[in-house]
Amino acid sequence: MKDLLQHQSVHVEEKPYKCTECNKVFRRKKNLKQHQQIHASEKPYKCTECDKGFIAKQTLIHHLKVHTGEKPYECAECDKAFITNGEMKRHQKVHTGERPYQCTECDKAFITNGELKQHKKFHTGERPFNCADCEKAFIMKSHLTQHQKIHTGEKPYECTECDMAFITRQKLILHQKLHTGEKPYECTECDKAFIRIGVLKRHLKIHTGEKPYGCTECDKTFIERKSLKLHQKVHTGEKPYGCTECDKAFIVKQSLTIHHKVHTGEKPYECTECDKAFITRGYLIVHQRSHTGEKPYECTECEKAFITRRRLRIHQRVHTGEKPYVCTECDKAFIARRRLIIHQKVHTG
């Protein structure tokens, strides 16, 4: 009878136990006690394999399976296996397409109620976890913990194939797929495959033409909100990431990291066909197409194909008539920025 009453509280959302340190409430007194250990920094259950500590014994038992590699719960639809039955059940909803938790603010739906609660914070703007080293704030505590490793420089997850190390285990797992060549997420519209399902979802929008995020300053639209935010910095002129070696500054941190290699001379990505080396893996992939002759980006208006998506976009302006690069000295406009720079030399001599 007690278990039934506890279960029924899920439906009525009754949460009588409140934490005195923060505003969180709980259905069960046991859950409140476990939560209060977060404030006390008390983690009595220690892992004997590593230095991690845990609030609950059950969490430690779950963690130990990371070291043993034990994954007893296998998915019947694919070859994936999981540490807990709950993880497997959540995964199976990927196959069934079931997303029972719908957001009332937008059309997004989620597999778990926890994911929905986190998503709602995007609408409310709530970011309760603040970084003590910079002004950034986060929706989830786990995101803050990951972010703080940027300040400490901690990268505990090392690749056994190369010398790269990562902040999170998940990033290491994704990186290792570069070595194995594993791309489990295939596009049904073309022959492309991807390492992550999120990248596949973004790619699918290329086929549908969906670009829901529009810039209020110009007529450009974007597939992702993140891309829109980066683009808006072009209008504001904001470049928060400055190089300490020269006067260049960048909109995103990744661009600064790549730029630093210009000063250090580091070119870790070498071509196996010739003696050329490159700063980024992306540059190497593009270069290798000069050997293979691959031109994956095809124009839908004519039969021309291009090595990079950027070159395709510039070419498509021939069909649309778009000339976004306008000379400030005269009324001439150009398809590509490079052509504008060449033209401006007429005025400067």
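Predicted model: local features only at pLDDT ≥ 70, side-chain atom pairs only at ≥ 80, totals over all residues.

Colleague: Why is I167 called buried?

Modeller: Buried means under 20% relative accessible area, and I167 has a relative accessible area of 14%, so I167 counts as buried.

Colleague: Which residues does I167 touch, not counting residues up to four places away in sequence?

Modeller: With those set aside, I167 touches Q146, K149, I150, E154, K155, P156 and Y157. As for Q148, it is 19 residues away from I167 in sequence, and the two C-alpha atoms are 9.6 Å apart in space.

Colleague: What makes H259 a buried residue, and where does H259 lie?

Modeller: H259 lies in helix α10 (residues 253-264), and because its relative accessibility is 10%, H259 counts as buried, the limit being under 20%. Leaving aside neighbours within four places in sequence, H259 is in contact with C243, C246, K248 and F250.

Colleague: Which residues of α10 are buried, and what do they pack against?

Modeller: The buried residues of α10 are L256, H259 and K261, and the buried residues of this helix pack against β17 (241-242) and β18 (249-250).

Colleague: How do you know that the length of α10 agrees with what a helix of 12 residues should span?

Modeller: At 1.5 Å a residue, the 12 residues of α10 should span 16 Å, and its end C-alpha atoms are 17 Å apart, so the two values agree. Just after α10 comes G265, which takes a positive phi of about 80°.

Colleague: Which residues are buried in helix α5 (residues 113-124)?

Modeller: In α5 the buried residues are L116, H119 and K121, and the partners against which the buried residues of α5 pack are β7 (101-102) and β8 (109-110). Helix α5 has 12 residues and reaches 17 Å from its first C-alpha to its last, which is close to the 16 Å expected at 1.5 Å a residue. Just after α5, G125 takes a positive phi of about 80°.

Colleague: Why is R289 called buried, and which helix holds R289?

Modeller: R289 is found in helix α11 (residues 281-292), and its relative accessible area is 13%, so R289 is buried. Apart from residues up to four places away in sequence, R289 touches E294, P296, Y297 and I307.

Colleague: Turning to the whole protein, how does its radius of gyration stand against that of a compact globule of 349 residues?

Modeller: Such a globule would have a radius of gyration near 20 Å, but the protein has 26 Å. Its C-alpha atoms fill a box of roughly 85 × 45 × 45 Å along the principal axes, and of its 349 residues 22% are buried.

Colleague: What share of the contacts between residues at least 6 apart in sequence join residues at least 24 apart?

Modeller: That share is 4%.

Technical notes:
Residues numbered from 1 in each chain as written. Heavy atoms only, no water. Rg over C-alpha atoms; globule rule 2.2 N^0.38 Å. Buried < 20%, exposed > 50% of the residue type's maximum accessible area, 1.4 Å probe, protein only. Contact = heavy atoms within 4.5 Å. Helix = DSSP H or I, 4+ residues; strand = E, 2+ residues; numbered from the N terminus. Expected span 1.5 Å × (residues − 1).
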